[in-house]
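Trainee: Could you walk me through how to read strands and aromatic rings in a model like this one?

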Amino acid sequence: MKRVVLYTDGACSGNPGPGGWGCLLIYKKNQKELSGGAKVTTNNRMEITAVIEGLKLLKQPCVVDLYTDSKYVLEGATKWLEGWIQKNWRRADKKPVSNVDLWQELVPLLHRHQIVWHWVKGHAGEAGNERVDMLACLARDEAARA
């Protein structure tokens, strides 16, 4: 199985407000960048969208070293997701899960690939994270102008 590296990030001005997401996919010496934005969104939606869009780039199942600075995405995918599904997309306090549409879109992608999660501190000089932060911010700014 191919092993790839995926960096993801989201950005938002206001919460909600204009937002953007960015991802960087690396396989051997090849790199692919992708980004997008929304006029009115939240930071968490952009963080999840970055992961979804990055994983959708993969044409076959892969081992994915996924780097994110979002503890919401990391813990959502690794700690909370199974419980949410078992409780019909309800949290422990019985309230509906936020961003359920995106989590439901992410589930089959997580099952298709073998994800190795890595949390990185944002804005700490890690090159891949800095690059996707820049992509997300550019997409956010473009969405704000649209």
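Predicted model: local features only at pLDDT ≥ 70, side-chain atom pairs only at ≥ 80, totals over all residues.

Trainee: Which strands does β1 pair with?

Mentor: Start with the terms. Strands (E, at least two residues) and helices (H or I, at least four) are DSSP runs, numbered from the N terminus. Two strands pair if DSSP finds at least two bridges between them. Here, β1 (residues 3–12) pairs in the parallel sense with β4 (residues 63–68) over six bridges, and tyrosine 7 has tyrosine 67 as its bridge partner in β4.

Trainee: Is β1 mostly covered or open?

Mentor: Buried means under 20% relative accessible area, exposed over 50%, and partly exposed in between (1.4 Å probe, protein chains only). In β1, eight of the ten residues are buried, making the strand mostly covered.

Trainee: What should I look for in the hairpins?

Mentor: Look at the turn and its phi angles. Between β1 and β2 there are four residues, and glycine 14 in that turn has a positive phi of about 85 degrees. β2 goes on to pair with β3 (residues 30–41), antiparallel over ten bridges. Their hairpin has two residues between the strands, and lysine 28 takes a positive phi near 55 degrees.

Trainee: How many aromatic pairs are there?

Mentor: A pair of aromatic rings is described by the distance of the centres and the angle of the planes. Rings of Phe, Tyr and Trp (its six-membered ring) pair if their centres lie within 6.5 Å; planes under 30 degrees apart count as stacked, over 60 as edge-to-face and the rest as tilted. By this rule there are four pairs. In one of them, tyrosine 72 and tryptophan 103 have ring centres 5.6 Å apart and planes at 65 degrees, so they are edge-to-face. That pair links helix α2 (residues 71–86) to helix α3 (residues 100–112), across 31 residues.

Trainee: Are tyrosine 72 and tryptophan 103 buried or exposed?

Mentor: Both are buried. Tyr72, Trp80, Trp84 and Trp103 form one aromatic cluster.

Notes: Residues numbered from 1 in each chain as written. Heavy atoms only, no water.
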